[in-house]
Amino acid sequence: MEYKISGDVDRMKDDPIAKVLDDLLKLDDILACMVARQNMISVMPSDGTDGFNPEVNQVWDIIHRAMDDVFNVIHEYSQTGLAEMEFSLQDYEVLFYVFHETDNALVAIIPALSNKGLIEVEMENARREIQDILNEQEQIRLAVV
Amino acid sequence: MDKNIDAAVGMTRKWDAREAGREVARDAIKQLKSPPNFFVLFSTIHYKEHGGFEEFLNGVWDVLPKRTPLVGGTVAGFMNNFGSFTRGATALAISDTNIDIFIGSGKNSKRSPKRAARKCADTIKNGFKKSGYRNKFVLNLVSGPETMKIPGQGYKKVVDSGFMSRFVSLAFGMSQYLIQKGPGREDELFEEIVKELPDCKMMLGTTMDDYKWIDNYQFLNDQVLTNSVLSVGLATDYKFDVCTTHGMRETDIKFKITKLSRDGHIIQKINNKPALHELQRLLNWPDGFINEKTMAHTILYYPISLKRHGRQVPAVMPTFLKDSILTPCIVDTGDVSILTVSGKNLVQAVRDNLSYFKNIEPEFGLFSSCMTILQTLGNNINIVHQEISNYFKEKPFVMFFCAGEGTYSPENKITYANMSFNTTIFGYQN
């Protein structure tokens with residue numbers, strides 16, 4: 001199973017959501033982060049996967065398979081208020097912050113035993129920033145229509 | 001007196017230290033009607049790796065008018081009118097001719113906390129003598145705990161090797177004296193400052209890093225300090241008060257501390273049995289249940305009610321040696337209860353805290369809160385933010401998250417606790 005990346009990675013460099021992900025990725029304990037839905041990474045940080053901590057590569061295959069199952073659950077329950085999910089796998093934890101009533105989530109891979117509470121605060125800030133950007137983009141789209 | 005204290009909150013989320021310093025100062029100052037006469041600055045530890053704290057302060061001083069008194073330090077996170085954050089910096093700037101400000105500082109707060117406290121208190125005492133204002137408040141910022149690196153194991157919260165545990169126990173006092181690694185000793189320092197300035201109301205907070213307990217810094221004007229205490233005395237005729245609340249509830253699990261280390265920081269035996277084993281038995285947890293992995297989800301929700309000079313000191317247990325429990329403050333032997341805390345109780349503690357100030361119409365507020373609250377609530381800290389925002393509305397407030405906090409007032413005496421919310425609100429009588 002392959003995770004597709006929607007759109008051109010070069011174009012993501014100008015994406016305001018990628019800038020939010022860049023900020024998140026600078027935190028020591030965020031090894032990788034993205035906006036994704038089932039089988040699809042919607043937005044990556046500006047440097048694409050090059051910005052990810054290389055140690056993630058060793059477990060990426062198994063993590064993204066597990067992610068896909070989590071996205072099944074998100075798809076099923078996001079309309080009924082599912083807001084966050086997470087799982088631990090080997091030495092890593094994967095956090096999913098679901099965008100309100102959508103199948104999309106902000107996803108971050110962090111090491112097990114990291115100070116998750118502090119990371120969660122910044123995950124929430126990033127989710128809010130991205131949600132604002134999405135709302136703005138939606139307003140522009142509706143205005144054009 | 002004008003009916004509005006000129007105070008403002010600034011914030012930055014920039015990564016570069018110098019740019020961040022400039023932005024946080026500019027953001028606060030631009031909201032004031034006249035230049036500030038006091039500037040409190042809190043930053044997360046991240047600027048250490050993104051230009052350094054000297055550059056961060058250089059950035060602040062690029063903007064801040066010269067000779068503005070500045071104090072602050074690194075914190076695990078902060079909350080202000082804009083939200084809750086564990087990265088960035090925030091400042092509270094005050095511009096008001098009806099407040100006199102005096103700043104004291106003391107070095108080697110972990111080696112000689114009482115001496116450092118007395119040095120601070122002397123400066124504040126002399127300042128207050130010169131002031132014509134009646135009401136006196138002291139904010140104490142103390143270098144927080146720093147964990148000792150264990151040879152071959154690095155920084156650990158649970159040391160399960162018997163040999164290493166004995167080594168840590170033996171090296172503990174020495175490490176504190178020689179290299180100033182160990183508990184912040186802010187509790188001892190606080191007791192001493194209170195002894196020197198018993199008529200003032202006070203708030204205490206510690207400087208910290210991002211919950212790693214490796215290093216932390218204090219800011220005094222253009223200096224970046226370590227292992228120091230900063231005390232700020234504010235004399236004014238404005239109304240203010242201080243209050244501490246916590247959401248901890250007593251359980252029916254009780255035990256007796258029967259053996260303590262000489263310095264009162266390590267619980268070696270409870271009920272005459274090795275402390276950690278007995279603690280787990282009382283909690284119905286199997287031996288080995290408390291480890292690096294489970295700690296954040298288990299023991300942080302079970303603080304203990306320690307005793308110090310007859311006072312209750314609710315504290316979390318931050319470090320475990322094979323058979324012993326390290327406490328964040330000095331404790332006495334005797335009866336102890338296990339407490340419990342939930343997210344719901346923490347939120348209620350904030351409500352209870354704010355309701356204490358019903359006679360004050362707030363103009364600005366400063367809070368010191370336990371970083372373990374941040375660690376346990378995670379993104380749900382925004383529920384706390386909502387409560388505080390509802391109270392302050394447009395008025396500025398800053399909460400900083402630390403490791404060892406408290407308040408003192410002549411009426412309520414010292415309240416030093418972990419997992420607590422400590423509030424100072426300035427304003428007018430309702």
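Which residues in α1(B) meet which residues in α2(B)?

Author: This is a predicted model, in which local features need pLDDT of at least 70 and side-chain atom pairs count only at pLDDT 80 or more, whereas totals for chains, interfaces and linings use all residues. Residues are numbered from 1 along each chain as its sequence is written, and chains are lettered from A and ligands numbered from 1 in the order in which they are written.

On the side of α1(B), the residues are A17(B), R18(B), E19(B), A20(B), G21(B), R22(B), V24(B), A25(B), R26(B) and I29(B); they meet E55(B), F56(B), L57(B), N58(B), G59(B), V60(B), D62(B) and V63(B) in α2(B). Contact here requires that the C-beta atoms of two residues, placed from the backbone, lie within 7 Å. Nine residues of this helix contact are nonpolar, three are polar and six are charged. In this classification Ala, Val, Leu, Ile, Met, Phe, Trp, Tyr, Cys and Pro are nonpolar, Asp, Glu, Lys and Arg are charged, and the others, Gly among them, are polar.

Helix α1 of chain B covers residues 17–29, and its axis comes within 6 Å of that of α2(B), the two crossing at roughly 35°. Helices (H or I, at least four residues) and strands (E, at least two) are DSSP runs, numbered from the N terminus. Axes are lines fitted to C-alpha atoms, for helices over the stretch in contact, and angles run from 0 to 180 degrees between N-to-C directions. The crossing of α1(B) with α2(B) is right-handed; that is, the near helix is turned clockwise from the far one, whereas a left-handed crossing has the near helix turned anticlockwise by less than a right angle.

Six strands of chain B form an open sheet in the order β1-β6-β2-β3-β10-β11, with mixed pairing. Two strands pair if DSSP finds at least two bridges between them. The edges are held by β1 (6–12) and β11 (223–225) of chain B; each has a single partner strand, so one side of each lacks a neighbour in the sheet. From one strand to the next, the twist averages 15°.

Strand β2 of chain B spans residues 38–43, and six of its six residues are buried. A residue is buried if 20 or more other C-beta atoms, placed from the backbone, lie within 10 Å of its own, exposed if 12 or fewer do, and partly exposed in between. F38(B), V40(B) and F42(B) point one way from the strand, while F39(B), L41(B) and S43(B) point the other way.

With β6 (residues 89–95) of chain B, β2(B) pairs antiparallel over six bridges, and T90(B) is the bridge partner of F42(B). With β3 (residues 70–74) of chain B, the pairing of β2(B) is parallel, over five bridges, and V40(B) stands opposite V71(B). Strand β3(B) is in turn joined by three bridges to β10 (residues 218–220) of chain B, in the antiparallel sense; there G72(B) faces F219(B).

The helices can now be placed against these strands. Helix α2(B) packs on the sheet by touching β2, β10 and β11 of chain B, and its direction makes about 145° with that of β11(B). Helix α1(B) lies across β1, β2 and β6 of chain B, at about 150° to β1(B).

Strand β25(B) pairs antiparallel with β24 (residues 405–409) over five bridges, and T407(B) has T415(B) as its bridge partner.
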